[in-house]
Amino acid sequence: MAIKKLLKVRHVYVSHTHIDHFVGFDRLLRAYVPHHREIEICGAPGIVANIRGKLAGYTWNLLVKGQINFLLHEVGADFIRSFRLHFVDQATGFRLDRVAELPAASAVTTFADGSQVYAALVDHGIPVATYRLSFPQRYRVRREALDKHDLKAGEWIKRLQAQVAANASADNIINVGDKEFKLGWLRDQLLIPQPEFAVSYLTDLQFNWHNLKQVQKLHHRTTVMFCESAFAAEDRQRAQNKSHLTTKQCALLAAFANAQQLENFHFSSIYGLDKRRLRGEASDYFKRFKQLAPPELQTEIHTEMSRCYDKGK
């Protein structure tokens, strides 16, 4: 990625620190050193030690105060601990300050528009962080209602939607041109609430009951699930040995979480450069599993789970 694009990054969410998932940290660090900007980084247990270890691998005699600033979040099974890691001076070096500890169900990050990032741990032989980005409630405008009340679209609609999403008082006044309306009246006349929109990201996890429960807990009814499927369905045992998912298992997880859309990725190199097979396989399984009644889906999950731990099948 080009430096100018890297400099737009403010938040980084790390699944785990295996080299193929963490090797890009050095490039990000190099881009940010001159610019005195804070980067927020979240990761599984050990992320703070991992980043301190990265920093310890370099010589910083030219660094000045404020050139490196991190807000770090370490996700645990029961907590999220936050730290500030920053360069003080040549005598002190890097200083780590603990700034907060929140229950694991808390949002890791809340953005200015109300979007929030949540995290949970799954099992890959080591704890791995998985993330859900939930967007604030969205509302569609009834165009016919605008015409009915002789209202013209404008910036006031964004203000209305923002205040409604923030649960502002129904008595708040919204200015529309030279007229004033109560928020509650405009909301009821013009806005139609839309289904929640959320994006989930899962990589490097095996098909087991713990992970199934974690996925259901954090990613239930997600809109789009990005989920790894390193291996084809027929290579179930290889996937189990490597603590990864097959295309079928990936689709089972997504269907069990009642995801609306599945996008699979992170394919093993044994299949070469053509990824259409694995994408198509996962898509076909997902479409089939989405049509199953809950008891039938449970049967599919139990059958697949039993095969994972029976090397004879």
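Buried means under 20% relative accessible area, exposed means over 50%, and partly exposed is in between, with a 1.4 Å probe and protein chains only. Keep that in mind for Arg 236: at 14% relative accessibility, it counts as buried.

Now the ground rules. This is a predicted model, where local features need pLDDT of at least 70, side-chain atom pairs count only at pLDDT 80 or more, and totals for chains, interfaces and linings use all residues. Residues are numbered from 1 along each chain as its sequence is written, and side-chain values use heavy atoms, with hydrogens and water left out.

Let's start with the whole chain. It has 12 helices and 15 strands. Those are DSSP runs, numbered from the N terminus: helices are H or I with at least four residues, strands are E with at least two. The C-alpha atoms fill a box of roughly 70 × 65 × 35 Å along the principal axes. Of the 313 residues, 44% are buried. Contact here means heavy atoms within 4.5 Å. Take contacts between residues at least 6 apart in sequence: 65% of them join residues at least 24 apart.

Next, salt bridges. Side chains of opposite charge can pair when their charged atoms come close. The rule is a side-chain nitrogen of Lys or Arg within 4 Å of a carboxyl oxygen of Asp or Glu. How many salt bridges does that rule give? The count is 14.

Back to Arg 236. Its side chain meets Glu 304 in a salt bridge, 3.0 Å from N to O. Glu 304 sits in helix H12 and Arg 236 in helix H9, 68 residues apart, and the pair links distant parts of the chain. Is Glu 304 buried or exposed? At 1% relative accessibility, Glu 304 counts as buried.

Now Arg 84 and Glu 38. Their salt bridge is 2.4 Å, N to O. Arg 84 is in strand E4 (residues 79-89), Glu 38 is in strand E2, and 46 residues separate them. Arg 84 is partly exposed at 34%. Glu 38 is partly exposed too, at 38%.

Glu 281 is buried at 19%, while Arg 277 is partly exposed at 41%. There is also a network: Arg 81, Arg 98 and Glu 101 are linked by salt bridges.

What about Glu 40? Glu 40 lies in strand E2 (residues 38-43). Glu 40 is buried yet has no salt bridge, and the nearest side chain of opposite charge, Arg 84, is 8.0 Å away. For charge, Lys and Arg count as positive, Asp and Glu as negative; His and the chain ends are not counted. Leaving aside neighbours within four places in sequence, Glu 40 contacts several residues, including Arg 10, Leu 71 and His 73.

Last stop, helix H10 (residues 247-256). Why call H10 largely enclosed by the rest of the structure? Because 9 of its 10 residues are buried. Among them are Lys 248, Gln 249 and Cys 250. The buried residues of H10 pack against several elements, including helix H8 (209-219), strand E14 (224-228) and helix H11 (276-290). Just after H10, Asn 258 takes a positive phi of about 60°.
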